[in-house]
Amino acid sequence: MTRIIVLSDIHLSPTHGFFWENWCVARDFANAAEPDAVIVNGDLAINGPESDAEIAFAATALTKLRGRVMALPGNHDVGDEPPGQDPDQIIDDNRLARWDRCFGGDRWALDVGGWRLIGVDAQLFGSGLAREAVQDHWLDQQLSTAGRPTALFLHKPLFLDDPTEDAESPSCMGPRARARLLDRLDRSDVRLIVSGHLHQHRDRMVGNQRHLWVPAVAFAAPQAHGGDDRCGLTVLDFSEAAVEVTIERPVGLVSHDLAAIKGHGRYPFLRDMPPSPPPDAD
Ligand SMILES: [Fe+2]
Ligand SMILES: [Fe+2]
């Protein structure tokens, strides 16, 4: 058996430390569990698209996780694909380069426990950047050479309720990019798709694929999408052809209310708030 811990949406910042204590709880739980690897599934920062310091701060925090750590970017790290939820924070080459300088890349693959785990940059799908085509080609290679059950990790879910829904939403991948990706996944042995972004846990079979939304570490879901909005972290136990999913909510993990933190409309974004650095961050 291979144990993987998924931490998602940790939302760290050297200037806005609202969620630092939750990070410490999740980090300590992961270290005590001694997993084979920790996947950090996007939104490591609050204002990563605008700040070298935020991405560097998150990267330093991740060095305190023991063992293999594999990170993927989210919209709060490298920006959204257009049109996005914030026109000032659309993914571009400079934002990707900032991520690369700290993490070395935005995709990875690992063969463990009879499975192939593939992590991709969700923000590239529908971006139109040259790197989207490069990632597409790489993903096709990883899928075609797997020869085993495969799990795909990415920050954003492919859809909210139905794979054929056609509304554009910053809550999930766009319809055209989704259709292209699903077509490729359906031609391979992808059995599990793990996403964050919505800050809620939901676990469904759609066709032959299990779509697992993992809870956030930082704060509870600001919008209801049919899942459990409480904070948590996810343990995946992979065996030859199966995977067992356990949601853990360690003592001390607080399901913060984002609207309350932002003063119920006083501040549109966390980054607009007066600085409140994390206590004793190291
Ligand atoms: Fe998030
Ligand atoms: Fe996100």
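Predicted model: local features only at pLDDT ≥ 70, side-chain atom pairs only at ≥ 80, totals over all residues.
How are the donor residues of the iron ion (ligand 2) spaced in sequence?

1. **Spacing of the donors.** Along the chain, the donor residues of the iron ion (ligand 2) follow the pattern D-x31-N-x79-H-x41-H. Asp43 sits in the loop between strand 2 (37-41) and helix 2 (52-62), while His197 sits in the loop between strand 7 (190-195) and strand 8 (202-206), so this pair ties together parts that are 154 residues apart in sequence. Both Asp43 and His197 are buried.

2. **The metal site itself.** The atoms that coordinate the iron ion (ligand 2) come from Asp43 (OD), Asn75 (OD1), His155 (NE2) and His197 (ND1), at 2.1 to 2.2 Å. The site is irregular, with angles of 91 to 157° among the four donor atoms.

3. Next, look for an open sheet of six strands, in the order 4-5-6-7-9-8 and with mixed pairing. Strand 4 (108-112) and strand 8 are its edge strands, each pairing on one side only. On average, neighbouring strands of this sheet are turned by 15° against each other, direction ignored.

4. **A pair of strands to inspect.** Strand 5 (residues 115-119) and strand 6 (residues 150-153) run parallel and are joined by four bridges. For a handy landmark, take Leu117, whose bridge partner in strand 6 is Ala151.

5. **Helices on the sheet.** Helix 5 (residues 130-144) lies across strand 4, strand 5, strand 6 and strand 7, and runs at about 175° to strand 5. Helix 6 (residues 175-186) also packs on the sheet, where it touches strand 6, strand 7 and strand 9 (209-213). The direction of helix 6 makes about 130° with that of strand 9.

6. **Helix 1.** Helix 1 (residues 20-33) has 14 residues and spans 20 Å from its first C-alpha to its last, close to the 20 Å expected at 1.5 Å a residue. Its buried residues include Trp20, Trp23, Cys24 and Ala26, and Arg27 is also one of them. Strand 1 (2-7), strand 2, helix 2 and strand 10 (233-238) are among the elements covering the buried residues of helix 1. Just after this helix comes Glu34, with a positive phi of about 45°.

How values were computed
Residues numbered from 1 in each chain as written. Chains lettered and ligands numbered in written order. Heavy atoms only, no water. Donors = N, O, S within 2.8 Å, 3.2 Å for Na, K, Ca; no water. Tetrahedral: all angles 85-135°; square planar, octahedral: opposite > 155°, others 65-115°. Helix = DSSP H or I, 4+ residues; strand = E, 2+ residues; numbered from the N terminus. Buried < 20%, exposed > 50% of the residue type's maximum accessible area, 1.4 Å probe, protein only. Pairing = 2+ DSSP bridges. Axes fitted to C-alpha atoms, helices over the stretch in contact; angles between N-to-C directions. Contact = heavy atoms within 4.5 Å. Expected span 1.5 Å × (residues − 1).
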